[in-house]
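Welcome! Let's look at a structure together and ask how some of its descriptions are reached.

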Amino acid sequence: DLHYSDFWADPSKQFKPKSWQGLDFDELQDKAYQYTKNILTTLKNNNIEPEYVQIGNEITAGMLWEEGKLIWKDGQVFGFDNLALLLKAGVKAVQDTSGSKIILHLERSGDNALYRQWFDNIIFRNVYFDIIGVSYYPYWHGTLDDMQNNLNDMIDRYKKDILVVETSYAYTLQDFDQRPDNYTGLVINKDFASKDMPYPFTPQGQAEYLRDLFLRIKNLKDKRGLGIYYWEPCWIPTPDGTWASPKAREYIKETHKGHGNEWANQALFDYNGKMNYALKIYNKF
């Protein structure tokens with residue numbers, strides 16, 4: 001999963017690596033190519049070849065901003081020409097160095113209009129890919145029906161395999177002990193208790209969610225659903241653990257946020273490291 005950034009990239013932050021600042025667009029394409037090629041060559045030299053390579057992470061709003069940013073205005077989207085060229089640079093590097101299948105990854109997996117618009121534009125510009133990767137978080141991306149209907153439409157429309165590359169569900173709203181100074185707080189917290197969530201925030205609710213998501217992906221059309229990656233199953237609280245250092249928060253322009261593990265209640269292990277029942281769901285599929 002290549003983010004093309006010095007920190008985690010998502011739809012709200014796709015900042016270029018600091019060492020790539022100031023490059024012109026041709027140089028930026030070359031950097032994307034060389035960086036991708038160097039990683040895969042290093043892996044290959046150590047007898048490792050990934051089955052999948054993801055070009056960018058949650059690139060719904062583009063990547064390598066500002067050059068590769070997508071801009072929405074009056075119902076139209078601008079910026080696909082540049083984004084397509086950057087994606088092609090990464091794709092070519094994969095094709096030149098490995099036989100890995102290529103993933104393009106969006107979030108908002110219940111938004112069919114957005115997915116049609118995005119992939120229509122990318123395919124029109126002849127960007128090659130094998131798999132549509134999606135994030136699905138029921139807190140933000142609609143119902144399981146919304147997600148399944150969209151993914152079945154993607155299969156009908158583009159004849160591509162589907163992979164859920166990010167998902168999770170909270171097993172508790174109780175915070176952990178020994179929280180650090182300047183603690184950020186949990187992303188999924190007690191504010192969500194009053195919202196219309198599909199499962200209780202309990203170990204059983206977490207397991208039921210994961211079971212139902214597996215069933216939806218398993219039953220996608222033409223057996224195109226490849227599977228599910230859980231993010232992040234092992235991120236349990238530790239005394240000095242944090243989601244981002246002060247320097248990282250400065251880089252991504254989120255200095256208003258604090259310290260600590262903001263995702264701890266969505267792991268597949270409890271705060272003491274004991275396995276949650278939801279982990280066993282993987283063995284059933």
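**A residue and a helix, explained**

The side chain of Gln 14 comes to 3.1 Å from the backbone oxygen of Asp 10. Please keep in mind that this is a predicted model.

Q: What makes the approach of the Gln 14 side chain to the backbone oxygen of Asp 10 a polar contact?
A: A polar contact needs a pair of N or O atoms within 3.5 Å. Here the distance is 3.1 Å, so the pair is within that cut-off.

Q: Why is Gln 14 called buried?
A: Buried means under 20% relative accessible area. Gln 14 has 1% relative accessibility, so the residue counts as buried.

Q: Which residues does Gln 14 touch, leaving aside those up to four places away in sequence?
A: Among them are His 3, Asn 57, Met 63 and Trp 65. Gln 14 itself sits in the segment before helix H1 (25-45).

Q: How do you know that the span of helix H3 agrees with its number of residues?
A: Helix H3 (residues 112-124) has 13 residues, and at 1.5 Å a residue they should span 18 Å. The C-alpha atoms at its ends are 18 Å apart, so the two values agree.

Q: Which residues of H3 are buried, and why are they said to line one face?
A: Leu 114, Tyr 115, Trp 118, Phe 119 and Ile 122 are buried. Viewed down the axis of H3, the buried residues fall within an arc of 110°, so they line one face of the helix.

Q: What do the buried residues of H3 pack against?
A: Their partners include strand E2 (71-73), helix H2 (80-97) and helix H4 (144-158).

Q: Which exposed residues does the face of H3 turned away from its buried side carry?
A: That face carries Ala 113 and Phe 124.

How values were computed: Residues numbered from 1 in each chain as written. Predicted model: local features only at pLDDT ≥ 70, side-chain atom pairs only at ≥ 80, totals over all residues. Heavy atoms only, no water. Helix = DSSP H or I, 4+ residues; strand = E, 2+ residues; numbered from the N terminus. Expected span 1.5 Å × (residues − 1). Buried < 20%, exposed > 50% of the residue type's maximum accessible area, 1.4 Å probe, protein only. Arc of directions from axis to C-beta. Contact = heavy atoms within 4.5 Å. Polar contact = N/O pair within 3.5 Å; in protein donor to acceptor, adjacent residues only side chain to side chain.
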